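Subject: Handing over the structure

Dear colleague,

I am passing the structure on to you with this email, and below it you will find notes on what turned up when I went through it. Please keep the structure open beside the text while you read.

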Amino acid sequence: MTPVLLAVGAWPAGHLAPTLALTLGPLQFDRPGWLWLLVPVGLAIVWIGRRSLSGLRGTTRAVALVVRLVVVLLILLAMAEPSWRRDSRDVAIIGVIDVSRSRPTSAQPEALGYIERAPQGKPTDRVGLVTVARDALPHSRPRPIGPGFTPSQVDIRDPGPTDSTNLESGVRLALALRPEDAATRIALFSDGNETAGSLLQAAQAARAAGVPIDVVPARFTLAGEVIAERLLAPSTARSGESATLRLVLNATRAATGRVTLLIDGQPVALDQDDQLWRPVQLRPGLNVQTITVKLPPRRGPVRFEALFEPDSGASGDTLLENNRTLAVTFVGGQGRVLVLTNKTDQAQQLQNALAQARIESQLRPTQPGWASLQELGTFECVVLVNTPAHDFSLVQQEELKSYVHDLGGGLVVIGGDDAFGAGGWIGSPLADALPIRLDVPNRREIPRGALMLIMHSCEVPEGNFWGRRTAEAAIGALSSKDLAGIVEFSWNGGNVGWVHPLEEVGDKSSHFRAIGAMSYGDAPDFHSLMSASLDALKPVAAGQKHVIIISDGDPSPPSNALIQNFIDNKVTVSTVAVFPHDGPAGSPDNMRRIAEATGGAYHEVTVQEQLATLPEIFIKEAKTVKRSLIWEGQPFSPALSLAGTEPMRGVPTPVPPISGYVVASDRQGLSQVVLRGQENDPVLAQWQHGLGRVVTFTSDATGKWAGAWVAWEHFRAFWEQHVRWAMRPEGSPNIRVSTSDRADRTVLIVEALDQAGDRLDFLRWQGSAVAPDFSASPVRLTQVGPGRYEGAVETPASGTYTVGLTYEQSLPDGSVVRGSAQAAVSRPFSDEYRALTDNAALLEQVAKLTGGRVLPPDPARAAQLWSPEGVTVPRSRTPVWLAVALIAIGAFLADVGVRRVRLDVRAMSRAVAGLFSASRSARTANAQALRAARSKAQRRAASGTPPGAQPRPTPAKFHASDAELAAASTGPLVDQPAAPVVSKPAQPASDQAQPGQPGQSGLARLRKAKERAQGEISDQ
């Protein structure tokens, strides 16, 4: 048989030559290079055997040589890694079902029924199911249709987000699910409209894999539909000026209706009669409505929303989701600063200093603070004055982080007894944006805090999920030197279960793992849990000892003696009642009394929306153990550790003394520590974080710790220069940003001009786009023309994307000019609602490209769905090198037996042959006996003997008389040579010799009697 070359691949790392995979019938060798050694090694074995086997003779020597050659052959075959190949005859169908919003809700069961009712193939053929919308999800692995499984039994409850269609991901997932031991076909049920990915690229991959794609097009046409394609508005404008908006409407046929415009949610007049809507008549195709409005006299983002409403009685406009569109314009002016604090008296001196420096500022409380990330982006800098973390929601903290890192905003954080680590900011989203680490320095030995968490089941939806989130939030707010432990009621044994012992949190990984393994038992009482927590807290050395209990309130209360024990050991307890209710022996009032008696706080969650605030409550409570991070003592002047920084130019040193600050540690990297406190702790630090700048001052801005600073003559210059350094560069009115939608991408077009109107070239741009879910992606602008720059932003989801851009320009004198620009990209609805008809042409192209079929909508008329035509038959391979190696070991033992034990090969062959010959003789004798019995039966039947008659007894061979026996006993012992026996007829009695007749011995007489008996037998 001629070897067939299958593939050429690369050797593993370290090999110098490629390896060849070849087949010999059903065998495939992955490393056939070893087979080239068969001839030279075989010749060497024969040559060596001439001497090593010289002690053997004849057949034994030949057998030993053959056995040795077989051993070498098997070893080389095993090293060549043989595999047994088998061609599969089964076919697997993987159905890819489009479940996006553009498809009706009945599309899913119809597709499942189509597969079930289509003509089927062999019982071993299989079917698998995949759904696709924004993402592709597997719902059933390929398996045979039978009594235990039918496609209609698959319940697809969660197909994921359906506001987009990515058919490419569905086909690629189907390719990944195809079984190795069956040929695969893909059945695609879709309208062909894709909003993400490229189905043609996936079809190319299917074609390369030999997998045809059969398509079942879902055909539709929307007649009379009106789509609000987009609302064009200027990206930036000045306060109080007029803006021209352009509303683009796409109508499939002539239609009438009215247009309404809302600014920040309020309708505005669109004509001289102050009418709040405008009648429009649309012709088929694109229609542009121009609207001029006056911008409100304020700064910040202005949100426009345009709505088309068809006239009553009009038919055809069935999708109301695509009748609305959005746009955002940033109204600018001079740079502004947002000052956030709930302690207005502490921020008053700072705000006065900014006013003297002619920096516009707004003082607001932390709640609500700001309405959205877009509003926050209208400020060039945000100043936090002694604000704890629990004053902000987690969403606000994420927005503040994106404001700095992605939009280029400035941030100044001023300390106090509720700021930095003492305010619970450790582990918060904003902590990574600061130029200092909020944790305790390793070299510092300061009193640490100890926190115990008592976790109890909360009988509410997602109660366990929020229990885990709250525990993680509390542990995350601690420093690495603090102690933390977690207890709960154990279902196993019905007693206290230690989720994690009271230990130093360190990197918090072990605590987080333990939280993930909690079982959330329903404890009958608080006494055992609180007693175990107190026993763990008593022996530890900690500045603050605190316990937090989360429960629904139904366990029975602890004893008064235990409460007094908590008070005596100065351990405070805070309680969080989640959907409290009375139990067999408990009441929510018990949790309130525990908190009040021990000096803790009582929190209550009674509505579903409040569950999201649980982590914030725990962060606030965990903050009570952080008072040890505050240093207070005799006033001292912070030491200057870094001179020549831009914010400190012109500020004399030494600076006035301070009497306290929040302890923090250095952050490695680009952070610059300008002033240091006791034991080299950072007091004033700054750095660049993403596109923005951050300044931290760990002392306060009031008279408590920095009283001498308020009276300092350089107080205004110090804060003015640091705030201006952190502020985002003022946006240039000559930088204009426009956008253009291209499928799931939006192209940013930036035109840069100077004050004289000349185009600015060779600007260095940096930018970032923040999606509605606060995920950020970089924006890269490249120059495509004089003063024109373009970049793309991925905008797959509906909502508003905020884009922040900064640029630098090098001037001939060596100076650098910085500037910024902002833009908002609005996607009011998904592209799913832009399709007015199906794209069956794309599906037909995919079927033709991959060798698939366009199937009719009726499954009964469809061709054999599991047809093996056009598919690549997979070949399964089973490695057999181990079996070959075991046979080689057995042959090696035989080789040793022939050479060392000196087995007699000839004797062994004769013994084996004798066994076979004896067996053949036995079989021959049995056959002869059977033939004789058959012949005897035939003779009896021919003679007519009745079946019941007794047969005549057969005479013996001879019968001697008593006289003959006596005569024979007296005769001579030596007998005469016997004459040949000749059968003769019986003679008369007179001719027979009588007893005692001379000339006849006894043996002769016996011989005569034998001859007579033989004659009688022959007569019969």
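How many helices and strands are there in the protein? The protein has 21 helices and 45 strands, and please bear in mind throughout that this is a predicted model. Buried residues account for 48% of the 1020 residues, while the protein exposes about 49,800 Å², of which carbon and sulfur atoms supply 54%. If you consider the contacts between residues at least 6 apart in sequence, 75% of them join residues at least 24 apart.

Thr 329 counts as buried because its relative accessibility is 0%. When its neighbours within four places in sequence are left aside, Thr 329 is in contact with Ala 233, Pro 234, Ser 235, Thr 236 and Ala 237, and also with Gly 300, Pro 301, Val 302 and Phe 304.

Next come the salt bridges. Side chains of opposite charge can pair when their charged atoms come close. A search of the whole structure finds 19 salt bridges, and one of them brings together the side chains of Arg 31 and Glu 81, at 3.4 Å from N to O. This pair links distant parts of the chain, since Arg 31 sits in the loop between β3 (27-29) and α1 (38-52), whereas Glu 81 sits in the loop between α2 (58-79) and β4 (82-87), 50 residues apart. Glu 81 has a relative accessibility of 33% and therefore counts as partly exposed.

A salt bridge also forms between Arg 258 and Glu 309, whose closest N and O atoms are 3.7 Å apart. Arg 258 belongs to strand β13 (residues 255-263) and Glu 309 to strand β17 (residues 300-310), so the pair ties together parts that are 51 residues apart in sequence. Arg 258 is partly exposed, with a relative accessible area of 32%, and Glu 309 is partly exposed as well, with 29%.

Elsewhere, salt bridges that share partners join Arg 185, Asp 214 and Arg 853 into one network.

For the strands, please look at an open sheet of three strands, which has the order β10-β12-β16 and antiparallel pairing. Its edge strands are β10 (226-232) and β16 (285-294), each of which pairs on one side only. On average, and with direction ignored, neighbouring strands of this sheet are turned by 20 degrees against each other. Strand β10 is joined by six bridges to strand β12 (residues 242-251), and the two run antiparallel; Leu 232 stands opposite Arg 246 in β12.

Finally, there is a nonpolar patch on the surface, formed by Trp 881, Leu 882, Leu 886, Ile 889, Phe 892 and Leu 893, which together have about 640 Å² of accessible area. One of these residues, Leu 886, is found in helix α18 (residues 881-900), and Leu 886 counts as exposed because its relative accessibility is 53%.

Note on methods
Residues are numbered from 1 along each chain as its sequence is written. This is a predicted model: local features need pLDDT of at least 70, side-chain atom pairs count only at pLDDT 80 or more; totals for chains, interfaces and linings use all residues. Side-chain values use heavy atoms; hydrogens and water are left out. Buried means under 20% relative accessible area, exposed over 50%, partly exposed in between (1.4 Å probe, protein chains only). Contact means heavy atoms within 4.5 Å. A salt bridge is a side-chain nitrogen of Lys or Arg within 4 Å of a carboxyl oxygen of Asp or Glu. Helices (H or I, at least four residues) and strands (E, at least two) are DSSP runs, numbered from the N terminus. Accessible areas come from the Shrake-Rupley method with a 1.4 Å probe; for residues, only the protein chains shown count as cover. Patches are made of residues with over 30% relative accessible area and no salt bridge: like charges are joined within 9 Å, nonpolar side chains (Val, Leu, Ile, Met, Phe, Trp, Tyr) within 5 Å. Two strands pair if DSSP finds at least two bridges between them. Axes are lines fitted to C-alpha atoms, for helices over the stretch in contact, and angles run from 0 to 180 degrees between N-to-C directions.
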